[in-house]
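Please keep the sequence and the structure in view while working through the points.

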Amino acid sequence: MNIDDESETAVRPPPPDFNGSALEIFSIIEQQPSRSALYLDIDGTLLDIAPTPEAIVVPPGLADQLAALAAKLDGAVALVTGRSIARVDALFEPHRFPVAGLHGAEMRLPDGGLVEPALSSAFLAAKEELRARSKDLEGVIFEDKGAAVALHFRLASHHEAVVGALMQQAAASTGEHWALQHGKMVVELKPARSGKGEALERLMGTAPFRGRYPIAVGDDLTDEEMFAVAAAAGGAAIRVGDAAAPTAAHAWIGSPNELRRLLASIARQPEGK
Ligand SMILES: O=P(O)(O)OC[C@H]1O[C@H](O[C@H]2O[C@H](CO)[C@@H](O)[C@H](O)[C@H]2O)[C@H](O)[C@@H](O)[C@@H]1O
């Protein structure tokens, strides 16, 4: 995983929840921050999974650590998430990072430029139908994300099948421009012509990400697309959580907490270390 012949392997002992290759990948950032770019998923990767979308906790100091890390990488740190950009900004305020939101359907580029999906009347009608129908399903959480919508069944797994059927109906009513995205105890409807892989490609072609060694970190099905793009570009992918999950990632980290510890330690490193 070295980006050139001068790269060295890490010398300090690995934290308990890392496998060796994850540590090696992250040592590239420490050794050559000006040649590295980091693409981070949020839920289940940077943040621990919570019972509901609103219950997530951003640990004190994390936003500032990410900002310090971004400064070290000349701004080449992006958040690539299923959340909306507005929600990401609220989570990590006062900082504003480059973001691929709604699984890549909306983007804020490093120069602040926005890419926003068009809404259709069919999608808006389907969203209102889902909002109404989900009220009858105790424990199912309706999440309105603007140009995407999710039904969560984490608190009501017995409703998984009916949630799946409702989302199928919604997808059928919105036509080819909208598609289902399955995630952790959730089914979402989002713009079809988008994905984290395409989002990564776009960011990778944009300064300050352009020409850098891409490292993608995620935990979920939707992250596999960005893993494939990072790998195809000669970079690396790291999966957080379940080590047994089928994945295109090169390495594994046990938990969001372990990832945060590692990122904090890189953010703290003095220049040139
Ligand atoms: O791409 P990500 O940043 O991983 O976002 C994926 C989805 O994350 C959120 O849902 C997930 O996390 C919730 C909070 O931990 C959890 O309650 C839920 O079961 C998970 O599916 C978010 O609510 C979605 O909008 C994101 O698409």
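Two strands are said to pair if DSSP finds at least two bridges between them. In strand E4, for instance, arginine 108 is the bridge partner of valine 99. The model described here is predicted.

**Domains**

- The domain assignment divides the protein into domain 1 (36–47 + 54–116 + 194–268) and domain 2 (121–190).
- Between the C-alpha centres of domain 1 and domain 2 there is a distance of 25 Å.
- Eleven residues from domain 1 and ten residues from domain 2 take part in the contact.
- On the side of domain 1 that touches domain 2, three residues are nonpolar, six are polar and two are charged.

**The eight-stranded sheet**

- An open sheet is formed by eight strands in the order E5-E4-E3-E2-E1-E10-E11-E12, with mixed pairing.
- Strand E5 (114–115) and strand E12 (251–253) stand at the edges; each has a single partner strand, so one side of each has no neighbour in the sheet.
- Strand E3 (residues 99–101) and strand E4 (residues 106–108) run antiparallel and are joined by three bridges.
- Strand E1 is parallel to strand E10 (residues 213–218), with five bridges between them, and leucine 38 has isoleucine 215 of E10 as its bridge partner.
- E1 also pairs in the parallel sense with strand E2 (residues 77–80), over three bridges; here tyrosine 39 has alanine 78 of E2 as its bridge partner.
- Why is E1 largely enclosed by the rest of the structure? Five of the five residues of E1 are buried, and therefore the strand is largely enclosed.
- In a regular strand, side chains alternate between the two faces of the sheet.
- In E1, Ser36, Leu38 and Leu40 lie on one side, Ala37 and Tyr39 lie on the other, and all are buried.

**Helix H7**

- Seven of the ten residues of helix H7 (residues 223–232) are buried, so the helix is largely enclosed by the rest of the structure.
- The buried residues of H7 are Asp223, Glu224, Glu225, Met226, Phe227, Val229 and Ala230.
- Their cover includes E1, E2, helix H6 (196–204), E10 and strand E11 (236–240).
- After H7 comes glycine 234, which has a positive phi, near 85°.

- Strand E6 (residues 141–144) runs antiparallel to E7, and four bridges join them.
- E6 and E7 make a hairpin with four residues between them, and glycine 146 in the turn has a positive phi of about 85°.
- E7 is also joined by four bridges to strand E9 (residues 186–191), again in an antiparallel arrangement.
- Leucine 151 of E7 stands opposite phenylalanine 142, and the bridge partner of leucine 151 in E9 is valine 187.

**Nonpolar cores**

- In soluble globular proteins, nonpolar side chains tend to be buried together.
- The largest nonpolar core has 51 residues, of which Tyr39, Leu200, Ile215 and Ile238 touch the most other members.
- Apart from that core lies another, of 20 residues, including Ala126, Ala147, Phe153 and Ala170.

- Of the 25 residues around the ligand, Ile42, Asp43, Pro53, Thr81 and Gly82 come nearest.
- The shell around the ligand holds nine nonpolar, seven polar and nine charged residues.
- E7 and E9 each supply at least two residues of this shell.
- Domain 1 and domain 2 both give residues to the shell, so the ligand lies between them.

**Isoleucine 49**

- Isoleucine 49 is located in the loop between strand E1 (36–40) and helix H2 (62–72).
- Neighbours within four places in sequence aside, isoleucine 49 is in contact with Asp43, Gly44 and Lys184.
- The C-alpha atoms of isoleucine 49 and proline 256 are 8.9 Å apart, although 207 residues separate the two along the chain.

Conventions. Residues numbered from 1 in each chain as written. Predicted model: local features only at pLDDT ≥ 70, side-chain atom pairs only at ≥ 80, totals over all residues. Core = buried A, V, L, I, M, F, W, Y, C linked by C-beta atoms within 7 Å. Buried ≥ 20, exposed ≤ 12 C-beta atoms within 10 Å, placed from the backbone. Contact = placed C-beta atoms within 7 Å. Near = placed C-beta within 6 Å. Nonpolar A, V, L, I, M, F, W, Y, C, P; charged D, E, K, R; others polar. Domains from an automatic or database assignment.
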